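Student: I have some questions on the chains and how they pack. Can we go through them with the structure in view?

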Amino acid sequence: MSSTSAVLQERSTEPGAPVLVVDDLRTQIHTPRGDVQAVDGISFTLGRGETLGIVGESGSGKSVLGRTIMGLYTTGPTMTITGRVLIAGKDVHALSTTALRDLWGGDVGMVFQDPMTALNPVKKVGVHLTESLRKHRGMNRAQAAAHAAELLNLVGIPEPRRRLDQYPHELSGGMRQRVVIAMALANEPALLIADEPTTALDVTVQKQILDLLERLQDELGMAIMLISHNLGVVAGRADRVAVMYAGRVAETADAATLFDVPHHPYTEALLEAIPRLHQPPHVRLAAIDGAPPNMIAPPVGCRFAPRCRYAQPDCTAAPPVLDAALVRGVADPRHSFACYHPVNAGGQ
Amino acid sequence: MAGSGVAHLRPETERVLAVEDLVVQFPAKGGHTVHAVSGISFDLLDGETLGILGESGCGKSSAGRAVMQLPPPTSGSVRLGDEELTGVTAQTVRERRARMQMIFQDPVSSLNPRRKVKDLVAEGPRIWGREVTREQIEVVLRAVGLDPAVVWERRPHELSGGQCQRLCIARALMLDPQVLICDEPVSSLDVSVQAQILNLLEDTKKRYGLSMVFIAHDLAVVKNISDRIMIMYLGKVCEVVPAGDLAERALHPYTRLLLESVPEATASETAIGGAQRAGGELPSPLNPPSGCRFRPRCPLATEECATVEPQLRQVGEGHFLACHNSGPGASAAA
Ligand SMILES: Nc1ncnc2c1ncn2[C@@H]1O[C@H](COP(=O)(O)OP(=O)(O)OP(=O)(O)O)[C@@H](O)[C@H]1O
Ligand SMILES: Nc1ncnc2c1ncn2[C@@H]1O[C@H](COP(=O)(O)OP(=O)(O)OP(=O)(O)O)[C@@H](O)[C@H]1O
Ligand code: SF4
Ligand code: SF4
Ligand SMILES: [Mg+2]
Ligand SMILES: [Mg+2]
């Protein structure tokens, strides 16, 4: 997987330019019951070789964000998208359908959250991989098959040749997930959007896959958006982490700072909910009370307020904005949070 | 085929589920056979939770499905209470299995995409000809942390991954099972919902005297929910350990490898060192290694490991190990 770094350099713009720019992105899903504001004003950039971890509440809009960035969700009868997404300098939501198809499997690869829905049950594993290799890299049947086997080997699937000839249901859950990862990596994308890529993997295979992604990152400068509920994975692999709640970023910082001095009460609560290996069995885990907000009519003001143990009257008046944290009175551009009454903010 | 031993099984009178010498094979091209599960045994006491950990592809889901007879195992025995589930007619299986439910690994694909949440939850009881009230559905939805008012009319594709998983758990609970087999039930949930679901399973278990088999990859999650943990490798059992002893007392080289590979959510976490990468030869269920199946990756392998299959034997209170290299030396080497 190194022969193509030349191709990749050609694809990206000047060095240092971000691979991904997301600017005030909003995705509204129109449903018969009302409009769901699934992604509500998200901005960030991602440079070559960088990993952004995205964590947050189930239903907070992480997958919708990923799909909107990919251009899989576009403005139409069921959705309205505003804001901007630039991938390698291209405005994703201004691309034609053909240009979008070139983008997928070209500059950008996506690992979908549920492997079974990303795989066509009546197509063999090999077909899933070779189709895109033949289309995007002009390989012939034999070349594509050989490369597909190599990809499966790369993601640690034993006997890759035989696996190519099997249907998705004949694979274990973790193998299916690795097939989806192999598909996303097939064309050595400049940007990888990995939505819960290791949920079905045991910890040793998980480590192998994450090591593989890191290696590709070093070799190819691939940027990664790593969506994961596994805070351990994110802590170890992401340069920066964004914590999402109800369609918005609640807090963002480099991984070490976020896990060490979280300022947003939601981040703090999330960290408390993690079961730890050194705890005895059957200890009661600290779940966050209450339910996530109804995204058709979210609470005004801070969306976490109904569940927040620090909430005060001013929290429900107007939404807090994402602002830089202060370290000894100086704004820290690497650490921002949206909260009126932050925790661990001693010096604020 | 030789089993991996039965030393860890408990007296017959105390068990609600007993699985013995379970073998699951699939035919493969060219007259080959996939050895997904190769003679494993386990049991469940009333109100007990057995956690299963293991390599991806080692046969956990196949074993779970075989216990449910979906499809029936190639050989071996599965007894629920004092009733045998293998080798009886499909109709008998359906009746006898009624009090055992399984939550499958891929949540979305197990749901009919055209049905709404309210009908998906009521589906199970209705198949058994039982009517379900609106209130019953609402209670179980709330129990899994879904707001009935919000999700009532939704179809699966309108739910997030985690919401779908909660729906699957609600469906299983609706049938008031005695034994619940959960295959990766929380791996797609955020840690707060995960905590909620684990607490919920713990409460439900106590309230209904439920026994559980809980398959997952997160060691801390499995430790939290389980009384006893079984570690599998390539279709075999390599260790059975009381949950409380997992981190400090587990001995098998594969279990130690798992423990060393756990990523911890702490600020000081850097790349995880220690755990060795699998050697060039990836283990295959089509042609499993002779003797101990972990041998090609094992730093402690000896000649004996290539010829003699290790059997489970007791090494401590409730602790059983299938490894030739046991005793005090094994833990030091890990
Ligand atoms: N097609 C759709 N129609 C209606 N609502 C939708 C649709 N897709 C997503 N939603 C809603 O949008 C919100 C965000 O969903 P999304 O799948 O992005 O969550 P997520 O953060 O990825 O959650 P998880 O961690 O559970 O995967 C949820 O409330 C979900 O119910
Ligand atoms: N229907 C099938 N046909 C052929 N082979 C199968 C079938 N189902 C499972 N297998 C094979 O059996 C082996 C065990 O699979 P299984 O799904 O039980 O693993 P698992 O332990 O649940 O893995 P994971 O953690 O990845 O979900 C794998 O090699 C798999 O490819
Ligand atoms: S703004 Fe108020 S309600 Fe929101 S997280 Fe901060 S303290 Fe809690
Ligand atoms: S020491 Fe031998 S028996 Fe024990 S795990 Fe290693 S190879 Fe298997
Ligand atoms: Mg998602
Ligand atoms: Mg499985």
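Tutor: This is a predicted model. We can begin with a loop of chain B: B:Pro71 is found between helix H1 (60-67) and strand E4 (75-80).

Student: Where is A:Ala88 found?

Tutor: A:Ala88 is a residue other than glycine with a positive phi, near 45°. Its place in chain A is the loop between strand E4 (79-87) and strand E5 (90-91).

Student: Are H5(A) and H8(A) roughly parallel or roughly antiparallel to each other?

Tutor: Helix H5 (residues 125-137) of chain A packs against H8(A) with the axes 9 Å apart, at an angle of about 10°. Angles under 35 degrees count as roughly parallel. H5(A) and H8(A) are therefore roughly parallel.

Student: Which residues make that contact, and how do they divide by class?

Tutor: H5(A) brings A:Val125, A:His128 and A:Leu129, and H8(A) brings A:Val179, A:Ala182 and A:Met183. By class they are five nonpolar, one polar and no charged.

Student: In chain B, how are H6(B) and H7(B) oriented, and what is the class make-up of their contact?

Tutor: The axes of H6 (residues 161-174) and H7 (residues 191-208) of chain B come within 12 Å and cross at roughly 10°. That crossing makes H6(B) roughly parallel to H7(B). B:Arg166, B:Ile169 and B:Leu173 of H6(B) meet B:Val193, B:Ile197, B:Leu200 and B:Thr204 of H7(B). The contact has five nonpolar, one polar and one charged residues.

Student: Turning to the interface, which residues of chain A lose the most area to chain B?

Tutor: The contact takes 64 residues from chain A and 71 from chain B. The two chains bury about 5300 Å² between them, 55% of it on carbon and sulfur atoms. On the chain A side, three residues together account for 14% of what that side buries. Those that lose the most are A:Val203, A:Leu277 and A:His282.

Student: With which residue does A:Asp165 form a salt bridge?

Tutor: Between chain A and chain B the count is three salt bridges. For A:Asp165, the closest N and O atoms of the pair are 2.1 Å apart. The partner is B:Lys29.

Student: How do the residues of the side of chain A that touches chain B divide by class?

Tutor: Across the interface there are 18 residue pairs in polar contact, both residues at pLDDT 80 or more. Elements giving two or more residues to the chain A side include helix H8 (173-185) and helix H9 (203-220) of chain A. The residues on that side are 26 nonpolar, 21 polar and 17 charged.

Methods: Residues numbered from 1 in each chain as written. Chains lettered and ligands numbered in written order. Predicted model: local features only at pLDDT ≥ 70, side-chain atom pairs only at ≥ 80, totals over all residues. Heavy atoms only, no water. Axes fitted to C-alpha atoms, helices over the stretch in contact; angles between N-to-C directions. Helix = DSSP H or I, 4+ residues; strand = E, 2+ residues; numbered from the N terminus. Parallel < 35°, antiparallel > 145°, perpendicular 65-115°, else oblique. Contact = heavy atoms within 4.5 Å. Nonpolar A, V, L, I, M, F, W, Y, C, P; charged D, E, K, R; others polar. Buried area = accessible area lost by both parts, 1.4 Å probe. Salt bridge = Lys/Arg side-chain N within 4 Å of Asp/Glu carboxyl O. Polar contact = N/O pair within 3.5 Å; in protein donor to acceptor, adjacent residues only side chain to side chain.
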